[in-house]
Amino acid sequence: MTSVPINVPGGAERCLVMGVVNVTPDSFSDGGMWFDEAAAIQHGFELVREGADIVDVGGESTRPGAARVSMDEELARIVPVIRALSAEGVVVSVDTMRAEVAKAAVEAGARIVNDVSGGLADPEMPRVVAATGVTYVVMHWRGHSHDMYSRAVYADVVTEVREELSKRVDLVLAEGVTPEQVVLDPGLGFAKNAEHNWAVLAGIPRLAELGFPLLVGASRKRFLGRLLADPDGTPRPFSRSDDATLAVTALAAHAGAWCVRVHEVGPNADAVRVAAAWKRAGAGT
Ligand code: PMM
């Protein structure tokens with residue numbers, strides 16, 4: 001089993017694009033749209049046609065305030081989708097915090113475990129990832145969604161996210177995960193308010209100093225809607241914040257992100273190519 005899909009086509013020259021398939025009735029940005037199995041599978045293939053290097057399949061919403069789903073429900077939602085996409089050669093990542101779900105997903109063909117809790121929600125997760133040898137996205141996380149904003153307290157958010165991620169890396173490596181398997185993610189919006197998210201984005205070069213590929217998930221998040229609020233303060237709905245997502249994608253790719261996790265793949269795939277061309281020109285190649 002290959003580990004970090006840095007080798008997926010184009011990965012060396014440009015930031016990768018991870019398209020999102022939320023097989024949930026209640027995700028923040030696309031809840032309900034791909035809840036039906038056939039619709040989810042079709043959407044995954046559509047994202048690949050639009051330029052996704054990776055398709056991230058999740059069965060549990062992590063939107064602020066979300067309640068947890070049972071493991072059986074999570075498995076039933078995602079395993080058939082992962083199996084169908086993987087069977088056709090799609091690089092699939094599974095968005096889950098549960099070790100047993102990760103194991104079943106890898107058995108169904110997933111090549112990346114995207115654990116928004118970075119191994120904190122289920123202590124078995126690093127061992128399962130170590131045993132399977134797949135890529136492991138370790139995201140910065142301070143607690144489950146139902147009360148994560150109470151944990152959004154930082155003196156220096158970039159320094160603290162960096163230190164906390166570094167501790168998670170030490171722990172997962174101690175459990176047998178290899179450094180080549182690890183991708184880090186600062187977890188935009190997870191126990192972070194808008195100001196924290198902007199600081200984290202500006203801090204990408206400092207987070208990259210940890211020496212691992214970085215995944216950035218800004219797509220359609222609330223901090224973009226807040227930035228683009230009407231004069232009366234009404235936040236821009238996520239459905240009209242895709243252009244702002246694109247701007248973040250271009251800037252994050254230029255700052256050195258390894259991959260961006262997005263809902264609208266086509267325009268973001270264009271944006272990472274723009275950033276790559278800009279970088280190449282700057283490097284004189
Ligand atoms: N964000 C969401 C879900 N999964 N995974 C990673 N690695 N990084 C993220 O930022 C992230 C994630 C929540 O977004 P959605 O519900 O709109 O998909």
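**View 1. Arg 220 counts as buried, with a relative accessibility of 11%.** Keep in mind while you look that this is a predicted model. Why does Arg 220 count as buried? Its 11% relative accessibility falls under 20%, and under 20% means buried. You'll find Arg 220 in the loop between β7 (215-216) and α8. Check its backbone too: Arg 220 isn't a glycine, yet its phi is positive, at about 55°.

**View 2. Ala 191 is another non-glycine residue with a positive phi.** Here the phi value is near 55°. Where does Ala 191 lie? Look in the loop that runs between β6 (182-185) and α6. Ala 191 has 0% relative accessibility, so it counts as buried.

**View 3. Trp 198 and Phe 223 form the structure's 1 aromatic pair.** A pair like this is described by how far apart the ring centres are and by the angle between the ring planes. For Trp 198 and Phe 223, the centres sit 4.9 Å apart and the planes meet at 70°. Planes over 60 degrees apart count as edge-to-face, so that's the label for this pair.

**View 4. Helix α3 (residues 99-107) has its buried residues on the same side.** Those buried residues are Ala 99, Val 101, Ala 102, Ala 105 and Val 106. How do we know that they share a side? They span an arc of only 160° around the axis, so they end up on the same side of α3. The general idea is handy here: an α-helix has 3.6 residues a turn, so residues three or four places apart point the same way. Now look at the other side of α3, where Glu 100 and Glu 107 are exposed. What covers the buried residues of α3? The cover includes the helices α2 (71-87) and α4 (125-132), plus the strands β3 (92-95) and β4 (112-115). Following α3 comes Gly 109, with a positive phi near 120°.

**View 5. Helices α9 (residues 242-255) and α10 (residues 265-282) pack against each other at an angle of about 35°.** Their axes are 8 Å apart, and the crossing is right-handed. Which residues make the contact? On the α9 part, they are Thr 245, Leu 246, Thr 249, Ala 250, Ala 253 and His 254. From α10 come Pro 267, Asn 268, Ala 271, Val 272, Ala 275, Trp 278 and Lys 279. Sort the contact residues by class and you get 8 nonpolar, 4 polar and 1 charged.

**View 6. Ile 204 is a buried residue of helix α7 (residues 204-208).** Its relative accessibility is 2%, so it counts as buried. What does Ile 204 touch, if we skip residues up to four places away in sequence? The contacts are Leu 214, Val 216, Ala 252, Ala 255 and Ala 257. Take Val 216 as an example: it sits 12 residues from Ile 204 along the chain, and the two C-alpha atoms are separated by 9.2 Å.

Note on methods. Residues numbered from 1 in each chain as written. Predicted model: local features only at pLDDT ≥ 70, side-chain atom pairs only at ≥ 80, totals over all residues. Heavy atoms only, no water. Phe/Tyr/Trp six-rings, centres within 6.5 Å; stacked < 30°, edge-to-face > 60°. Helix = DSSP H or I, 4+ residues; strand = E, 2+ residues; numbered from the N terminus. Buried < 20%, exposed > 50% of the residue type's maximum accessible area, 1.4 Å probe, protein only. Axes fitted to C-alpha atoms, helices over the stretch in contact; angles between N-to-C directions. Left-handed = near helix turned anticlockwise from the far one by under 90°. Contact = heavy atoms within 4.5 Å. Nonpolar A, V, L, I, M, F, W, Y, C, P; charged D, E, K, R; others polar. Arc of directions from axis to C-beta.
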